[in-house]
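Subject: Structure handover

Hello,

Here is the structure you asked for, with its sequence. Please open it first and then read the notes below.

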Amino acid sequence: MSWLFAMLTQLRPFLLPLLIFLFLGKGNSWELWAALGAVFAAAYAFVHSLFYRYRVDRDELVIREGLLDRTERHIPFARIQNVVQKQNVLHRLFGVTELTLESAGGQEPEARMRVLKLADARALELLLRRQGQAHAPVGDSAALSTEQTDTLLQLPTIEVIKLGLISNRGMLLIGSAAALWSQFGPGWSNNWIKTGAKWFGPWFNDAVHGKDLFWNTIVPAVLVLLALMAGMRLLSVILALLQFHGFQLTQHGERLSTEAGLLSRVRASARPKRIQLFLKRSTWLSRRFNREMLKVDIAGGGAVKAADEHARVKWLAPLARPEQVQQLLGEFAPGSQDTALNWQPLHPRAWIRRCRWPAIIRSMPALLATFVSWFGLVLWILPVWSIAEARGFARFSRYAITDRYFFWRSGWFEQQTVILPIDKIQVIRIQRSPFDRRAGMATLNIDTMGADSFGQPVLVPYLPEATARELAALLRARLLEHCAPVAAPAPAAIPSELASETGI
């Protein structure tokens, strides 16, 4: 049934826009001819699936594909770093999976096997786990399957519900609903606008003129706000269940695996040594639940993350108690749990730099609204919040450095701590904007080795310029200590006949 999955993969991006266009949108009939492109793409995928073959040798995977332009790829097991298995509802119905293999570099996966039997995918993954050891015979799957599996973290359903209550994932669905609403046509939008004006027009008029302030203004506003917050949290819980239901973090020998998902089940594995940095996060609400999140950045395979953000080893702990997070850090980043770190502050005027322009910009609409009505005083919360957030950010943000790790914690309402192994650093930059030069500050930009192109570097802003340069020099020195010197190869001798012909 590979042809069925191949056709559906090509048709999937066209189905929802086409349905919206047919039933809700308005346009010209000639636009329907664009759907012929999906038909030709599906036909090509059908033919392509008939000529797709793979072979597992002792040390490599060989893939042949193509009808007219045929290719044969030899992928050594030692080159494969990340393995992703993804099962949607149709995959689970037929007992198959989609397997993606990634190397350490490169923007495209080394191989994407869209329809593979579960037993074959499991046997191939077991071989990859053992590739760093003595290679077992291909047919000895029973010996491979006896390899010990350690379960490091499991997320029960109640914890997934807590994750949904803590996060703001519901905003994603609200944004999608707004985009879908815009496709319903102007008549639909106008009806909703008229209904909203009918319900909220008198309330807004009373708020402006100060009539029955408590019952006509405060109570309705509080009820609407509570209803919106409850609806958004419910949507967040639904999204959390779809993505993280049954989350499990396991370790099989030298490979780390995560598995989660309610409808589409995603299983990803990678080598712990490919972890470039650790990110520990906590929000104000998660701290009330005594919970934290732990993410990682895995080197290589940027194309897969662009196509499907969740089809990677990304979360070591979507939600866990602080002691569980510390245990995971002790397992994969030993020595990073040092509580006696020498945390260093930012520039004394960092909070002024951070809040100056946001406070000025947010004060303008508040000032104009105040001249219209006393109700505009409410908008002054925005510039006050800018000042409070900037002071909290500067008070909490600190950096520290040890022999093996660089630590950077930032935020206030939402706090995060980056733990960066020094031997993973690739580039160290010192950036200074005109405002930085005027204030005597600088930003330290640290990029990791081999991180995917969609990841963000570690930015340490609002440092005194001298401190930024000293910190960059210290990181460079520590990095050189971790890098073993590599002797340059001797230049090859130029053949005498070539030297005589070229004049060298």
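In what order do the strands of the open sheet of seven strands lie? The order is β6-β5-β4-β10-β9-β8-β7, and the pairing is antiparallel. Please keep in mind that this is a predicted model.

The sheet

Strands β6 (111-117) and β7 (149-154) are at the edges; each has a single partner strand, so one side of each has no neighbour in the sheet. On average, neighbouring strands are turned by 20° against each other, direction ignored. For β7, the link to strand β8 (residues 248-252) consists of five bridges, and these two strands run antiparallel. You can find T151 opposite T250 in β8.

Two helices pack on this sheet. Helix α4 (residues 118-129) touches β4 (80-87), β5 (96-103), β6, β8, β9 (255-260) and β10 (265-270), and its direction makes about 130° with that of β6. Helix α12 (residues 322-332) touches β7, β8 and β9, and its direction makes about 145° with that of β7.

In soluble globular proteins, nonpolar side chains tend to be buried together. Here the largest nonpolar core has 37 residues, and F247, F278, L294, L316 and L328 have the most contacts inside it. Strand β13 (residues 315-320) gives the largest share of this core, five residues. A second, separate core has 27 residues, including A394, V458, Y462 and L471.

Leaving aside residues up to four places away in sequence, F247 touches L153, Q154, L155, T258, E259, A260, W315, L316 and P318.

Helix α14

Helix α14 (residues 381-396) has 16 residues. From first C-alpha to last it reaches 22 Å, close to the 22 Å expected at 1.5 Å a residue. Its buried residues are P383, S386, A390, G392, F393, A394 and F396. They pack against α13 (350-372), β14 (398-401), β15 (405-411), β16 (414-421) and β19 (458-464).

Confidence

The average pLDDT of the protein is 80, and 74% of the residues score at least 70. Over residues 303-307 pLDDT stays under 50, and the model has 13 contacts beyond four places in sequence for them. Residues 498-504 also stay under 50, with three such contacts. Where pLDDT is low, the predicted coordinates should not be read in detail.

Regards

Methods
Residues are numbered from 1 along each chain as its sequence is written. Side-chain values use heavy atoms; hydrogens and water are left out. A nonpolar core is a set of buried Ala, Val, Leu, Ile, Met, Phe, Trp, Tyr and Cys residues joined through side-chain atoms within 4.5 Å. Buried means under 20% relative accessible area, exposed over 50%, partly exposed in between (1.4 Å probe, protein chains only). Helices (H or I, at least four residues) and strands (E, at least two) are DSSP runs, numbered from the N terminus. Contact means heavy atoms within 4.5 Å. pLDDT is the predictor's confidence in each residue, from 0 to 100. Two strands pair if DSSP finds at least two bridges between them. Axes are lines fitted to C-alpha atoms, for helices over the stretch in contact, and angles run from 0 to 180 degrees between N-to-C directions. The expected span of a helix is 1.5 Å times one less than its number of residues.
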